[in-house]
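I opened this one with my notebook beside me. Come along while I look things up, one entry at a time.

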Amino acid sequence: MFRLWLQAAGLLWLCGGSVGGSGRLYSEEDPLVILGSSSLKPTVTNSSSAWLVQFYSSWCGHCIQYSSTWKALAQDVKDWHEAIAVAVLDCAQEENFEFFVAHSSAADKGTIYRGADREVRSVRQLMVNILQNHSRTERPQSCPPLEPYSAAQLLPLLGQRSDHYTAIIVEEAGSFVGREVILDLLQFSGVEVRRALASDLPLLDVLNMAAFPSVYLLHPNGSHAPLHSEKPLRFFFSSLLRSLPGVQRRSSSEVAQMGALQDGGTSGPWRDFDRSQVYTADLESALHYLLRVELAAHGTLEGAELKVFKDFVTLVAKLYPVGGSVVKLMETLSDWLLGLPLQQIPYQAVLDLVDNKMKISGVFLGAELRWVGCQGSRLGLRGYPCSLWTLFHVLTVQHDAAPAALDGSGLEGEAAPVLQVMRRYIRTFFGCKECGRHFEQAAAASMDQVTSREDEVLWLWNQHNRVNTRLAGSLSDDPVSPKAPWPSPALCPACHEESNGVHVWNHANVLAFLRRHYGASNLNPRYSLTSPRLHAGAGPAQTRRPQEERPAAGGERRKGEDQVELRPIQPGPRRGEQAVLIQGEGGFWILGLGFTSVDMSLCVVLYGSSCLFLMLLFFFFKVRSRRCKLRHARLHV
């Protein structure tokens, strides 16, 4: 049996899930509260919010089918939880059955809903109506006013300075958009949302509005104007208001203020950037942190770890869409790793090659973190995780644009090579093990369903959005760049649609946007670190065209390229000692033993001097020996 129970004493309760046992319909990963008979009263009694509760049976076929709708509803209204929260209680559990029988028919304890229409939009509108119809004394403390304002209340605000934005949503009497946007912005500071009716003619004459619903925005400096939205939909209005300068999620704002006191401010000077572009500085910073910091936790690479690292380097060398010093480094590193017969190598050998101690011309990777599109408002926010996501987004799009780039690499046989390499890298090397566990769970659940390059691009985008949704409002959420569904309506209006009152993605338009956004032509070289060895016009931001073929390991180089020879040296006399000889412009250099080209030059000089000295000694004793023989012969005669 399915029932919705609305607690009336200032509470609206929304819940879903089973308590204990196997085969649960809901889990802690879902954006709702899982209740049992022992936790229901303590949770609901004297709560500052309303609750909407679903009583269900985990063996009920209809309840099982409806669980996906209930989860979608909980996700849709998760930002409303201060006014109305969502929960579930499994009546099939023995410890919950007696409680359900005792309370399910008690109308004075709440309102039982038995309506036939239980789709997301209908239940959401039911929640809004119950909140609005509560008297002021019974309304949840955090629930803002949902009644429409009049022209007499709103017109005096025009031209007035304030410390926040005021958004006036003008709509028809039967519309729910205004009230839903008010609840959507409940968790955000810096903006106040009020609604007015299209029948208020004095207000319409002043605001000069003719299409409904529409938003009129009052700025803190006293200016005011209509807020342009590509589509008159709730999701568009909410996203636009959340993206206004200074508008922040309340919980993140408080954390950011405490963090600023602890960290002493931001991580460095703020770099202006365009959100519609991808910055190569973020990609280079990701590789710098990955190769010089994250990989350093592994003193020796061997076995499966070495194989994962080889695959990652090969993938980046083949698909990195920006030419110049970074690609030269990754190709050099890839050639060295693929031509290496040893089963283990010291990390120091990798680091020395990344730092280009052998002075190979054109090889360079900046040793500085320069976050641009991934910069956080303070230390500890965004940065490397954001840039790693960005790097793999770029690689999936590049693989989609140039699938032949992986031919001969050993990765071309996998259905989703970029995702598979990413999965193995995160499982093996990524520093946050809890994050890696979440990603592995997602990969195990659905990555095998990826059968095309288009699926590969969309799968990574979808998982990234899932992570953003889970972490929104958490301690890791940046108040300046809050985690939200991406791309936003401002970046891609065609990506967003509405079906039965619920936001949905247009996947065809999303794919087109991702190809354009992460494509080689949209990479911005501003803020990138350039190699001091490169002449003018040969910077690392030069875009490589997809049709350019890259040489396979050990194959012929393009004309004009520096010849770099990498060959192994047999293990030294000490156990575990290994080295690799690299020949480049700077001469010979032995990886893993700490010898530079200067050291090798001194060795050659000393070797030559020693040889000359030994030859002189040889001739000296040879001549002396002959003289001694001649004297001995004369005496004998």
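**Entry: the ground rules and a first residue**

Which residues does Leu 315 touch, not counting residues up to four places away in sequence? I looked this up and found Tyr 320, Phe 392, Leu 395, Leu 406, Leu 411, Val 418 and Val 421. Contact here means heavy atoms within 4.5 Å.

I note that this is a predicted model, in which local features need pLDDT of at least 70 and side-chain atom pairs count only at pLDDT 80 or more, while totals for chains, interfaces and linings use all residues. Residues are numbered from 1 along each chain as its sequence is written, and side-chain values use heavy atoms, with hydrogens and water left out.

**Entry: the cores**

I then looked at the largest nonpolar core, which has 80 residues. A nonpolar core is a set of buried Ala, Val, Leu, Ile, Met, Phe, Trp, Tyr and Cys residues joined through side-chain atoms within 4.5 Å. Buried means under 20% relative accessible area, exposed means over 50%, and partly exposed is in between (1.4 Å probe, protein chains only). Leu 315 is one of the residues with the most contacts inside this core, and the others are Phe 309, Phe 312, Tyr 320, Trp 336, Val 350 and Phe 392. Apart from this core lies another, of 44 residues, among them Tyr 66, Val 120, Met 127 and Leu 244.

**Entry: aromatic pairs**

How many aromatic pairs are there? I count rings of Phe, Tyr and Trp (its six-membered ring) as a pair if their centres lie within 6.5 Å; planes under 30 degrees apart are stacked, over 60 edge-to-face, and the rest tilted. The count by this rule is 17 aromatic pairs.

I picked out Phe 312 and Phe 392, whose ring centres are 6.2 Å apart with planes at 55°, so I call the pair tilted. The two belong to distant parts of the chain, with Phe 312 in helix α11 (residues 303-319) and Phe 392 in helix α14, 80 residues apart. Helices (H or I, at least four residues) and strands (E, at least two) are DSSP runs, numbered from the N terminus. Phe 312 and Phe 392 are both buried.

Trp 486 sits in the loop between α17 (453-471) and β16 (496-499), and Tyr 518 in the loop between α18 (507-517) and β18 (523-524), so the pair ties together parts 32 residues apart in sequence. Trp 486 is partly exposed at 24% relative accessibility, whereas Tyr 518 is buried at 7%. I also noted a cluster in which ring pairs link Trp 270, Phe 273, Tyr 279 and Tyr 527.

Is His 393 buried or exposed? I find His 393 buried, with a relative accessible area of 4%. His 393 lies in helix α14 (residues 384-401). Leaving aside neighbours within four places in sequence, His 393 is in contact with Leu 460, Trp 461, His 464 and Tyr 518.

Trp 70, in helix α2 (residues 61-76), is buried as well, with a relative accessible area of 0%.

How many residues of helix α13 (residues 347-354) are buried? I got 7 of its 8, including Tyr 347, Val 350 and Leu 353. Asn 356 follows α13, in the loop between α13 and α14. Its phi is near 55°, a positive value in a residue other than glycine. Asn 356 is buried, with a relative accessible area of 7%.

Asn 500 also has a positive phi, near 55°, and lies in the loop between β16 and β17 (502-505). Asn 500 is exposed, with a relative accessible area of 58%.

**Entry: cis bonds**

Most residues other than glycine have a negative phi, and most peptide bonds are trans. I jotted down the bond from Phe 212 to Pro 213, which is cis with omega near 0°. Pro 213 lies in the loop between α7 (201-207) and β10 (214-218). Another cis peptide bond joins Trp 486 and Pro 487, with omega about 5°.
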